[in-house]
Amino acid sequence: MPTADPSTASDSCIAVVRIGLFAGMAEAAGRRSVEIPWTCGTVAQLKARLAAEVPVIAPLLARSAVAIGAAYAPDDAPVPPGADVAIIPPVSGG
Amino acid sequence: MAAIPMDDAPTAVVRPDLPLLVRQPIATDRLLARVGDAAAGANVLFTGTTRGLTADAVTERLVYEAHEPLAESQLSTLVAEATARFGLRACIVQHRLGPVAVGETSVAVAVSAQHRPEAFAAAAWLMERIKAGVAIWKCDERPDGTRAWVHPDTPPGGQADVAGGGS
């Protein structure tokens with residue numbers, strides 16, 4: 001996957017959000033992360049954008065949670081540009 | 001364990017500082033030894049192991065993946081909650097990542113308490129919550145080379161919630 005150029009990654013005019021994918025969702029998408037141009041919006045809006053960007057994951061996405069950093073974020077939570085977002089599909093540890 | 005009556009308030013709870021997520025085999029006997037102390041009259045070790053047969057489906061191995069920062073945070077919170085809720089003397093949880101062969105331990109919970117009801121209850125409570133909510137996934141790999149990630153709550157007709165020979 002491409003690595004952001006450190007000289008531009010923090011430039012405020014480059015507003016993207018990187019979304020980490022795991023397990024069956026990463027396998028379905030064929031990649032472990034998706035970057036989406038992003039200025040502002042909620043978790044629900046980001047999920048809608050992601051579903052449009054990668055339609056193959058939409059069914060699993062519909063029953064997945066969203067984490068920002070190391071905590072779950074509800075659908076109405078804001079997603080700041082540059083946030084570390086991950087999609088958490090139904091879990092199966094143990 | 002010495003059968004010492006210790007119904008008075010116990011001394012400080014032991015909190016062994018062990019990794020929550022590991023890529024090597026879990027030394028379950030050592031976990032059990034780590035939770036014991038003189039005030040603990042009950043020590044429970046639960047191990048979840050890779051099951052080789054689920055109904056008619058053969059599993060060769062399970063491969064575990066986690067959102068590691070989230071899973072570590074969740075497991076750490078569960079350990080603290082269980083310790084407070086059940087008045088545990090000590091509590092250790094470890095979960096494997098990567099491939100886990102049939103018969104190997106994928107998850108271990110070791111707890112100690114003054115008496116057995118809270119020790120049994122805490123181990124069961126921890127396992128239910130780990131399985132229900134911690135950001136860890138298993139991929140069921142079969143002898144014929146096919147594989148499937150397990151994502152429960154599959155709509156009716158799906159098989160994912162019964163596949164995968166984990167605990």
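**The nonpolar core**

Analyst: Happy to! Within the largest nonpolar core, which has 63 residues, Met25(A), Val111(B) and Ala122(B) touch the most other members. Such a core is a set of buried Ala, Val, Leu, Ile, Met, Phe, Trp, Tyr and Cys residues joined through C-beta atoms within 7 Å. Buried means that 20 or more other C-beta atoms lie within 10 Å of a residue's own; exposed means 12 or fewer, partly exposed is in between, and C-beta atoms are placed from the backbone. Helix α2 of chain B, residues 68-86, contributes the most to this core, with seven residues. Helices (H or I, at least four residues) and strands (E, at least two) are DSSP runs, numbered from the N terminus.

Please keep in mind that this is a predicted model, where local features need pLDDT of at least 70 and side-chain atom pairs count only at pLDDT 80 or more, while totals for chains, interfaces and linings use all residues. Residues are numbered from 1 along each chain as its sequence is written, and chains are lettered from A and ligands numbered from 1 in the order in which they are written.

Now to Val111(B). Leaving aside residues up to four places away in sequence, Val111(B) touches Val35(B), Val44(B), Leu88(B), Ala90(B), Cys91(B), Ala119(B), Ala122(B) and Ala123(B). A contact here means C-beta atoms, placed from the backbone, within 7 Å.

Next, the two chains together. In all, 27 residues of chain B are in contact with 16 residues of chain A. On the chain B side, β5 (61-66), α2, β8 (105-113), α3 (116-133) and β9 (136-141) each give two or more residues, and α3(B) gives the most, with four.

As for chain A, it has four helices and five strands, in the order α-β-α-β-α-α-β-β-β along the sequence. Of its 94 residues, 34% are buried.

Finally, confidence. pLDDT is the predictor's confidence in each residue, from 0 to 100. Chain A averages 88, with 85% of the residues scoring at least 70, but residues 6-12 of chain A stay under 50. Chain B has a mean of 87, and 82% of its residues reach 70 or more; over residues 1-10 of chain B the value is below 50, and residues 154-164 of chain B are also below 50. The model scores ipTM 0.84 and pTM 0.85.

Notes
Two residues are in contact if their C-beta atoms, placed from the backbone, lie within 7 Å.
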